[in-house]
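Please look over the sequence and the structure shown here. A short report follows, arranged by topic.

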Amino acid sequence: MSVPTVHARSAASLRTRSGAAARPLRRSPARVIAPEMRVSDAPASVVLRSVVRRGPVSRDVIVGDTGISTATVNRHVTALIGAGLLRERADLSTAGAVGRPRIPVEVDHEGQCTLGIHIGATTTRIVAVDLRGVVLGGVEVATPTGAAPGALRSLAESAAAFVGRWHRRRILLVGVAIGGRVDTRTGTVDHPRLGWTQAPVGAAFGERLGSVVSVAPHVEAMAASELLLGGPGGPARESGTSLYFYARETSGLAISIDGRVHTPSGGPGSVAHLPTGSSAVCDCGRTGCLDATVSDRAIVAAARRAGVLPASERSVAAVYLAARTGVAAAQQVLDERADALGRALALVHDVLNPDSVQVGGQAFTAYPPAMERVEASFVRHSALAATGSTRGSTRGSIRVTAFGKRVQDYAAAAVSLGPIYADPVGTMRKIGAGA
């Protein structure tokens, strides 16, 4: 199902469904809480997860699905209804059923939602997400250049204008996914590519939108989206280790261990300067760094040098279009990127030896024919895959995210829903405390 998307250059271009300007939101002190990028085993979370996955569903089915006692399920269903997260559906009761335990319950997804914001190096996505993890609609704006205060004010205004389109729903929580190093306790960010240092990302959105805000590193958020939301195949495995490797305008990785995304206290590691053997000159002064070789801007530059694009063209979409329409030089540029990505993935994989490998980002998904070369390059450069000494890393085991080109949307969605899924009643109390 396609997601409604609005492309906008400024907040002023966004309007409510009725055509009126978006209502101004009250400004209030920012309330920043740490993101929750894990599958919680708390009973209330387990019950909510069962209803999200299977609902509308009766309490006895939840008991069978979760293995939790009937009394515990009844207690937590009542608490979740009281918190406004579940609702009863008496209209769906089976004929002849007696008693409240037979009344199905479902997620109360119509009167409220969360807001997800993915701040990329060049574009920012803002999406509305219901409590089932369904992206209801989104808007894309250019990520402002310049100092953090002005850029964040502009993005917060765009978010406020977008919220005006959803005036019939209560915004429960705002989740922001962004590159760089994130202090998840304070919501501040150091983002060298954007030139931001100690940027008050959480405070900027919290004060403008009057909502609780969580801020998380974007690749870790993508890994969390696989755990919490899944795709057509359902959520990712909740045991073992998984490597998530991302590439688009920047590159990054995240590790999940037994249903929890690993979040180093010093911030996520970096693969931006892994050696690829290319002749691309990096901003750091070295040659052959990964980001300088595989990023969107690197691909556009390579395509211009190859005569695929005119000098004035700056869009990587033009390279993909040329490759899909049979332009050999464009295909070669993308094949060379695929070879570099496979080699980098092999280097990281052989250090960590995870149980599974997943990739996301438009460098992997925007031109599907290149994935075969990624896998071939991975096998060629991975000592563990070549010897067969690893459980999950033989050819073909690299799984492409089911979210495809919408991976940024679902990363932001996971940040916005994570605290609710991890501690449903407690998080709703925090939200209500500042309402």
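## Overall make-up

How many helices and strands are there in the protein chain? The chain has 15 helices and 17 strands. The model is a predicted one.

The protein chain has 435 residues, and 53% of them count as buried.

## Helices H1 and H2

Two packed helices are described by the angle between their axes and the distance between the axes. Helix H1 covers residues 43–54, and helix H2 covers residues 59–66. Their axes are 10 Å apart, and the packing angle is about 110°. H1 is therefore roughly perpendicular to H2, since angles of 65 to 115 degrees fall in that class.

Which residues make the contact? H1 supplies Val 46, Val 47, Ser 50, Val 51, Arg 53 and Arg 54. H2 supplies Val 61, Ile 62, Asp 65 and Thr 66. By class, the contact of H1 with H2 has five nonpolar, two polar and three charged residues.

## Helices H6 and H14

Helix H6 spans residues 218–228, and helix H14 spans residues 407–422. The two axes come within 7 Å and cross at roughly 70°. H6 and H14 are therefore roughly perpendicular to each other.

On the H6 side, the contact residues are His 218, Ala 221, Met 222, Ala 224, Ser 225 and Leu 228. They meet Val 407, Gln 408, Tyr 410, Ala 411, Ala 414, Val 415, Gly 418 and Tyr 421 in H14. This contact of H6 with H14 has 10 nonpolar and four polar residues, and no charged ones.

## An aromatic pair at Tyr 410

Tyr 410 of H14 meets H6. Tyr 410 also forms an aromatic pair, and its partner is Phe 403. How many aromatic pairs does a search of the whole structure find? The search finds three. The pair of Phe 403 and Tyr 410 is stacked, with 4.3 Å centre to centre and 5° between the planes.

Are these two residues buried or exposed? Phe 403 has 9% relative accessibility, so it counts as buried. Tyr 410 has 10%, so it counts as buried too.

## Helices H9 and H10

Helix H9 (residues 316–324) and helix H10 (residues 328–352) cross at roughly 110°, and their axes come within 8 Å. That makes H9 roughly perpendicular to H10. The crossing of H9 past H10 is left-handed.

From H9, the contact takes in Val 319, Tyr 320, Ala 322 and Ala 323. From H10, it takes in Ala 330, Gln 331, Leu 334 and Arg 337. The residues of this contact of H9 with H10 divide into six nonpolar, one polar and one charged.

## Positive phi in two loops

Most residues other than glycine have a negative phi. Asn 353 is not a glycine, yet its phi is positive, near 45°. Where is Asn 353 placed? Asn 353 lies in the loop between H10 and strand S16 (356–360). At 33% relative accessibility, Asn 353 counts as partly exposed.

Asp 258 also has a positive phi, of about 50°, although it is not a glycine. Asp 258 sits in the loop between strand S14 (251–257) and strand S15 (260–261). Its relative accessible area is 52%, so Asp 258 counts as exposed; the cut-off for exposed is over 50%.

Conventions:
Residues are numbered from 1 along each chain as its sequence is written. This is a predicted model: local features need pLDDT of at least 70, side-chain atom pairs count only at pLDDT 80 or more; totals for chains, interfaces and linings use all residues. Side-chain values use heavy atoms; hydrogens and water are left out. Axes are lines fitted to C-alpha atoms, for helices over the stretch in contact, and angles run from 0 to 180 degrees between N-to-C directions. Helices (H or I, at least four residues) and strands (E, at least two) are DSSP runs, numbered from the N terminus. Angles under 35 degrees count as roughly parallel, over 145 as roughly antiparallel, 65 to 115 as roughly perpendicular and the rest as oblique. A crossing is left-handed if the near helix is turned anticlockwise from the far one by less than a right angle, and right-handed if clockwise. Contact means heavy atoms within 4.5 Å. Ala, Val, Leu, Ile, Met, Phe, Trp, Tyr, Cys and Pro count as nonpolar, Asp, Glu, Lys and Arg as charged, and the others, Gly among them, as polar. Rings of Phe, Tyr and Trp (its six-membered ring) pair if their centres lie within 6.5 Å; planes under 30 degrees apart count as stacked, over 60 as edge-to-face and the rest as tilted. Buried means under 20% relative accessible area, exposed over 50%, partly exposed in between (1.4 Å probe, protein chains only).
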